[in-house]
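Work through the following exercises with the sequence and the predicted model at hand. Each task is followed by a worked solution.

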Amino acid sequence: MVGGGLTGLFAAWEASRVPGIQVVLLEKDLRLGGKVQTFAFPDGSHLEMGPDSFLLRNPLFLEALQSLGLTSSLMEPRSLSPFIRFRGRFHRLPQGLSGIAPVDRRYLKSSLLSLRGKAAVTRDFSIPPRKMPPDHDESLFSLAARHFGEEWAERVVSPLYGGIYAGDARELSAAFLQPQWLKDEEDQGSLIRAAKRRMKRGKGPSPFRTLPGGLETLVQRVEEDLRYRKVEIRKGEAVLRLAFHGGKVRLMTGRGDLQGEGVVLALPAPDAAALLEDLDPDLSKLLRKEVWVKSGALLLRVAKADKRAAWEAHPLWQGSGFLVPLGEGAIITGATVFSRKWPGLSSEAFHLRLFVGRRHEEEALELGDEALFRKAWEELQAWAGPLPPPDEVMVSRFARAFPQYRVGHGRWVQAVRLKEKAYPWLVLAGTSYEGVAIPDAVGQGREAGRRGASYLTGRPQPPSTS
Ligand SMILES: Cc1cc2nc3c(=O)[nH]c(=O)nc-3n(C[C@H](O)[C@H](O)[C@H](O)COP(=O)(O)OP(=O)(O)OC[C@H]3O[C@@H](n4cnc5c(N)ncnc54)[C@H](O)[C@@H]3O)c2cc1C
């Protein structure tokens, strides 16, 4: 297994359950977990440097959580909505959204939309159900604009998706990221009607959860399990090249060579491309085509009581934070008030995450930590007025933060999978392909482990259960 993020860890977890398979996991960093990084403070509170929650979805992920004994203490976030910073002002996100559809008339009160923009929202009701061609795809922006008008797409959908994928809604694939909405259009025409119908069947509690000790608890639990099953874990060992001779895979690492019968590359596609350059230049070129964006965050901690009171009372921090659409000319792309979102996790401190860097706006990450903070701090003060400086600031940076599933992503995945078939000993896995979130990484990792084990044992392995 190459890559010790969630995908690689769960590929190892799955494969090591099959008798007779010896798994070696290679991770270039000195720690496991990849993007999952929890920073713990001495007072017992913590901040997440990367992801902070997961959706309760994907049976393979839920089953893994259960098997690792992590389901009894899951925490739910407080349900709060963000502000949107648009043309130099903060506005509340329209209330009453289900996905991107406004399911009641509260959006009419929003200062984010003009009268004309509000009127355009009812366009949705005039869209008839229609059968789409099987390979239909369009951008999330185009889907939203057809149903609710350009303003809704620009001021509501763009900031939401700019926040989730650090992406550009004009490029992101609806077929891959929100296939349900295209299906809703096929069945109902109107996305509002479809959303209301779904809500009638019952609106459950928030499907987001986190782990009380931070998401790295998941990494620690799976690492313990892997060690118990005698998986050899090699940290600080990057794989530099890969070859296949005489029925054996050869991995060249900074510490020497390693031979095996098969390999799972649990890496972003451009990183896998670098390893496959000699073996298959065409596959390597195809993998490099996937666009990833750089992104990062400034993590601000305000612990001293007087300062904390000033931050906590500020009107901007009464929601979940804010989002900034592309093109506002700002380096801050959004903010999450971590201590409001997760009230049980921040003990006595006020914790805020300010996001920087996304598609078309990655330059801010070229700055050093101090300059980056200075610039973001100036911007925040200009927007929010004077605030007491934080007591601690940390910077997290991800050179490959989010893959951009652009329109046509489905065809790219098909092309990759077709070329991969020529090498039955090779499995390409990770969030480059079939889903970018934690449940997807775990599910794809387990599926990769199962595929690898099927090849090695010569018989199809069913997904194992605890
Ligand atoms: C800022 C941020 C916030 C996010 N928030 C959320 C969220 O709230 N909820 C959610 O569900 N998802 C979120 N995600 C997505 C989630 O973090 C990822 O889906 C998941 O962590 C990806 O895991 P992975 O194993 O596929 O990749 P990675 O975590 O990137 O792991 C890949 C690993 O491979 C290693 N590696 C690379 N090259 C080599 C090599 N040549 N040899 C050996 N090792 C190598 C890397 O060091 C790394 O450890 C977020 C992502 C980011 C960046």
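**Exercise 1.** Locate Arg 87 relative to the strands around it, and state whether Arg 87 is buried or exposed.

Solution. Step one: strand S5 covers 83–86 and strand S6 covers 89–92, and Arg 87 sits in the loop between them. Step two: exposed means over 50% relative accessible area. Arg 87 has 60% relative accessibility, so it counts as exposed. Step three: check the backbone. Most residues other than glycine have a negative phi. Arg 87 is not a glycine, yet its phi is positive, at about 45 degrees.

**Exercise 2.** Carry out the analysis for Lys 230: which loop holds this residue, and what is its phi?

Solution. Step one: Lys 230 falls in the loop that runs between helix H9 (216–228) and strand S10 (232–235). Step two: the phi of Lys 230 is positive, about 65 degrees, although the residue is not a glycine. Step three: with a relative accessibility of 62%, Lys 230 counts as exposed.

**Exercise 3.** Determine which parts of the chain are tied together by the salt bridge between Lys 341 and Asp 52.

Solution. Step one: the closest N and O atoms of Lys 341 and Asp 52 are 3.0 Å apart, and the cut-off is 4 Å. Step two: Lys 341 belongs to helix H13 (residues 338–341), whereas Asp 52 is in the loop between strand S3 (46–48) and strand S4 (54–55), so the pair ties together parts that are 289 residues apart in sequence. Step three: Asp 52 has a relative accessible area of 7% and is buried.

**Exercise 4.** Explain why helix H10 is described as largely enclosed by the rest of the structure.

Solution. Step one: list the buried residues of H10, which are Ala 269, Pro 270, Ala 272, Ala 273, Leu 275 and Leu 276. Step two: these are six of the eight residues of helix H10 (residues 269–276), so the helix is largely enclosed by the rest of the structure.

Definitions and conventions: Residues numbered from 1 in each chain as written. Predicted model: local features only at pLDDT ≥ 70, side-chain atom pairs only at ≥ 80, totals over all residues. Heavy atoms only, no water. Buried < 20%, exposed > 50% of the residue type's maximum accessible area, 1.4 Å probe, protein only. Helix = DSSP H or I, 4+ residues; strand = E, 2+ residues; numbered from the N terminus. Salt bridge = Lys/Arg side-chain N within 4 Å of Asp/Glu carboxyl O.
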